[in-house]
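Please read this briefing alongside the sequence and the coordinates. It is arranged by topic.

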Amino acid sequence: MTLSQRRGNETDKRLRLLVGLVVGLALVVLAAAVLLALGSPFPTSTVDGATLVMLTFLIVVGTLVTIRIRIRSTNQLINWSETAIIIGVAIAPAPWVILCTAVGIALAYHRMPRIKLAFGVGKNVLVAFGAAAVLTALDWRWPPEHALDLVAPLSVAYLVAALLDDLLAIPVIALAAGNRITRQFRTDLDLRIAGFVARFVVAVCTLMLLWADPRLLLAVPPLVLSLHLAYSARVRARTEQQAWQHLARATDALNVVEVDRVLTTAVTQAAELFSADEVEIHLHPSGRTVRGSTSGISHDGPPEETSAGTGTTVPITLEGHDRTDDIGVLRLRFRGPVRLSEREQYTLRTFASALCTAVRNAQAYAELARISEEHAYAASHDALTGLANRRHLLDQGTEQLSNRHADGVTALVLIDLNHFKEVNDTLGHAAGDRVLVQVADRLRAAARPDDLVARLGGDEFAVLLRGLPAPAVAAHRAEGLLATLNEPFELDGMRISVEASGGIAAPGTSGGMPELLRRADVAMYQAKRNGQRISTYAATSDTADLGRLTLGGELPRAVADQEFTVNFQPIVDLGTGEVLGAEALARWHHPTHGLIDPLRFLEAVERSGLLPAFADAILDQALLAVTGWRSAGFDLPVAVNVSPRSLLDPHFPTSVLARLRAHDLPPDRLILELTETLTLSQLDVVDQVLSRLRESGIQLALDDFGTGYSSLSLLSRIPVHELKIDRSFVTAMETSAEAAAVIRSTLDLGRSLDLTVVAEGVESEPQRRALWELGCTAGQGHLFARPMPAGALLAAFRRGSGGRPGTLAPPLHDAGAVIRLAPGRRHPARARADRQPHLPAQG
């Protein structure tokens, strides 16, 4: 049994239940009417046998004068029976009217199916009972004293009769049509109201004529006939209008490009449009069959056997207007006998033609989409191996690099087969192609689902690694990819070994996917040159760093537009948490590439000839920050890194002092940090510049101490006031005895030479406490603060740690618990007379 058949059976059960309820109530009313009629005298002053016959005849005629409306395989009738009932209850006793109603409806419906006969009798008996009950409650008497006295009571009685008629009939109609009761009630409500009013007018006029002179009843038939014809014409016009509107909506709904949606829409729309119990569409030559009703699709697939039953099937060929293209058959199925009207037959032909066009259009669109997908695949994939090609790799890589929310790290592995030309030359290109296909299969199998394997051309492959947990994992994954190529390849019974070289690259800050591909290519050829199987890209070995060349060309504009800014990282007393100073760190806010790290542009600045302008811009911003801090009550020095090339300029000290005067700052508020790798110190001009800077009161610091080869010789020549321990030693001090020894010796050297020692890269409280216990009193790092703008750092000063302004960490000991043995010059708030304030470090 199909789904639609099961639904039909369920509907029939509900219909029988509803009809049974109505008939049961009517039987109770009829039994009461019989008892009351037998218990009253007959005839009476108002009713006799002729009156009852006339009343029964009037009910029969009112029932037979109908307007037919088909719902599925059942014809629903709109008649005048309630008009005859109202006239009857107005002039005759209620029990006799109820009995006449039952007899009259039975006579009118005697040829109809028993369920419809039973429902018609039951419904009208209940309508008659309702109207009679209202008139009885209103103490109705016939005839009334005045003609107008009958209008109000009859209005109430007719309203109750009309409501009862709708309440009893509409649920049955809705269930048969598969509609919701509320929707069925709203359908043609205006026409039903107009019909009720017309029939009420007829009833009132008839009773007035009877009250005035029974001979005037001759005028009633023409009146009833004219009203019936007018109402019938209006119902037919409305039905036609709704049918065409529904047809227009149904054909419009077919204008979709997916075949599945076209067929689903056609089935449900046709079931509603033609009030069919089931609709079936069978397509040629695929044999696909789609079947369903207004409630949805019950079958979609190959044809299946359906029981013939006793119903009606209306088939129509799906062909266009030219009738040359037969694509299938549309079938309407009804559970009972149905004959379509001429209008319905024309509507069916129009709908079938529209469905044929919609199916052909959807099939054409599907074919175009398939061809487009094939072309798109061919344009983005290698024809030999089926892997992504260079274009697809670039597109996917660009999308990946631009996705800021992507999880994990991205890397590119470039793989080139070594000596593959020998395979082609020896065995032929066909054999070489088969080897390439096997290489592609192995790489595809070794790659992870998120990776993209591509063939760039010839014997060159690439794998875009996505979602790596860390950059170092890329090398491990690349080793695994190359390891899959170690096993010999089988080719016509021969075993051929193919070696490969690989290059790994991670994305840079600019250049996008083309730059990533170039870097991987550089790394791969570096592996070939060094005889390695795989190599990772290193900027130091890249002789064609296009990114730096590009940035170098933009430096003049960047200096002119003031794109270089300064962030500050504080230097803190490790014991008390008090701020001792801050280091200025240059940043480049590029309009296109965003924030650029100094490691990428400082070398270009030094080579460009713009170093003096760049140094002046950074120094001005640093001194301006110090002025702001002093105004807020925090008299702190600032450390600024100095390029070795600046020390070759004899006018450099004069320029620095001029800027100190311009900002009204004493020289000891500035610390110039020198790199330990300064080999230019052997030149006399450098010695002169450094001596003049120190003599003027400017503090000097030696940055990254301990990482070079000439630390002690530099200290003997450069008159510095401060040493900065490189962050690499601080990071390793907890696990490396050598790192701890370097820190300890640097602190001993600082105490011996009366120099301040600042530890860089303090990241944790254990590091802070260990450095303090070793005798280091100053440090900087992310434990206290990351580099930030001057205003943000001032806000941090004011906020303080634990409500102590000027501090960024809680003290290691209670106040007074530790006695300082170090010179007082380490605190920046001390008098400037010793000219040895505590100054900043590298962030």
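This is a predicted model: local features need pLDDT of at least 70, side-chain atom pairs count only at pLDDT 80 or more; totals for chains, interfaces and linings use all residues.

Residues are numbered from 1 along each chain as its sequence is written, and side-chain values use heavy atoms, with hydrogens and water left out.

**Whole chain**

- The protein chain holds 27 helices and 23 strands; helices (H or I, at least four residues) and strands (E, at least two) are DSSP runs, numbered from the N terminus.
- Of its 843 residues, 47% count as buried, where buried means under 20% relative accessible area, exposed over 50% and partly exposed in between (1.4 Å probe, protein chains only).
- Among contacts (heavy atoms within 4.5 Å) with a separation of 6 or more, 69% join residues 24 or more positions apart.
- The chain exposes about 40800 Å², of which carbon and sulfur atoms supply 58%; accessible areas come from the Shrake-Rupley method with a 1.4 Å probe, and for residues only the protein chains shown count as cover.

- Five strands form an open, mixed sheet in the order 9-10-8-13-14; two strands pair if DSSP finds at least two bridges between them.
- Strand 9 (452-457) and strand 14 (534-536) are the edges: each has a single partner strand, so one side of each lacks a neighbour in the sheet.
- From one strand to the next the twist averages 20 degrees; axes are lines fitted to C-alpha atoms, for helices over the stretch in contact, and angles run from 0 to 180 degrees between N-to-C directions.
- Although strand 9 is an edge strand, five of its six residues are buried, so strand 9 is largely enclosed by the rest of the structure.
- Strand 9 pairs with strand 10 in the antiparallel sense over five bridges, and Leu452 stands opposite Leu464 in strand 10.
- The hairpin of strand 9 and strand 10 has two residues between the strands, and Gly458 there takes a positive phi near 60 degrees.

- Helix 15 (residues 473-483) lies across strand 8 (409-418), strand 10 (460-468), strand 13 and strand 14, and runs at about 140 degrees to strand 10.
- Helix 16 (residues 512-529) also packs on the sheet, where it touches strand 8, strand 9, strand 10, strand 13 and strand 14, at about 135 degrees to the direction of strand 13.

**Helix 13 and helix 14**

- Helix 13 (residues 420-427) and helix 14 (residues 429-446) pack at about 140 degrees, with axes 6 Å apart.
- Phe420, Val423, Asn424 and Leu427 of helix 13 meet His429, Ala431, Gly432, Val435 and Leu436 of helix 14.

**Helix 27**

- The buried residues of helix 27 (residues 790-799) are Leu793, Leu794, Ala796 and Phe797.
- Gly791, Arg798 and Arg799 are exposed on the other side of helix 27.
- The cover over the buried residues includes strand 15 (564-573), strand 16 (579-590) and helix 20 (611-631).
- Gly800 follows helix 27 and has a positive phi, near 65 degrees.

**Ala33**

- Ala33 lies in helix 1 (residues 3-38) and counts as buried at 2% relative accessibility.
- Leaving aside residues up to four places away in sequence, Ala33 touches Pro95, Ile98 and Leu99.
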